[in-house]
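Please read this note with the model open beside you, and check each point against what you see as you go.

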Amino acid sequence: MDWKNIITRAVLTFLQAGLAVLVVTGVENVDSLEALKPAGIAAVAALLSFVYNVVNQMVKKEGL
């Protein structure tokens, strides 16, 4: 399993989702609790990316 590739994709997804949500929501005060919402959304997107890529690699390995 290509862990480096999977982790790289998850990190990039986290950064892209976080930036996209910040741009769309326009959080002005990064010190507030409102700034945690984009981070949470980005974390969920990164987790989904990670799980998808792990499952995808497992399926390719098994030849299903």
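1. Two residues are said here to be in contact when they have heavy atoms within 4.5 Å of each other. With that in mind, serine 49 touches Arg9, Ala10 and Thr13, where residues up to four places away in sequence are not counted. Please keep in mind throughout that the model is predicted.

2. On the overall fold, the chain has 2 helices and 0 strands. Of the contacts in the chain with a separation of 6 or more, 74% are accounted for by residues 24 or more positions apart.

3. Is serine 49 buried or exposed? Serine 49 is found in helix α2, which covers residues 36–62, and it counts as buried because its relative accessibility is 13%, while the cut-off for buried is under 20%.

4. Phenylalanine 14 has its place in helix α1, and at 34% relative accessibility it counts as partly exposed, since that class lies between the limits of 20% for buried and 50% for exposed.

5. Phe14 also belongs to a nonpolar patch on the surface, which it forms together with Met1, Trp3, Ile7, Val11, Leu12, Leu15 and Met58, and which has about 760 Å² of accessible area in total. The largest share of this patch, 6 residues, comes from helix α1, which spans residues 3–25.

6. For the chain as a whole, the accessible surface comes to about 4,900 Å², and 69% of that surface belongs to carbon and sulfur atoms. Buried residues make up 19% of the 64 residues in the chain.

Methods:
Residues numbered from 1 in each chain as written. Predicted model: local features only at pLDDT ≥ 70, side-chain atom pairs only at ≥ 80, totals over all residues. Heavy atoms only, no water. Patch = residues over 30% accessible without salt bridge, like charges linked within 9 Å, V, L, I, M, F, W, Y side chains within 5 Å. Areas by Shrake-Rupley, 256 points an atom, 1.4 Å probe, with all protein chains shown as cover. Salt bridge = Lys/Arg side-chain N within 4 Å of Asp/Glu carboxyl O. Helix = DSSP H or I, 4+ residues; strand = E, 2+ residues; numbered from the N terminus. Buried < 20%, exposed > 50% of the residue type's maximum accessible area, 1.4 Å probe, protein only.
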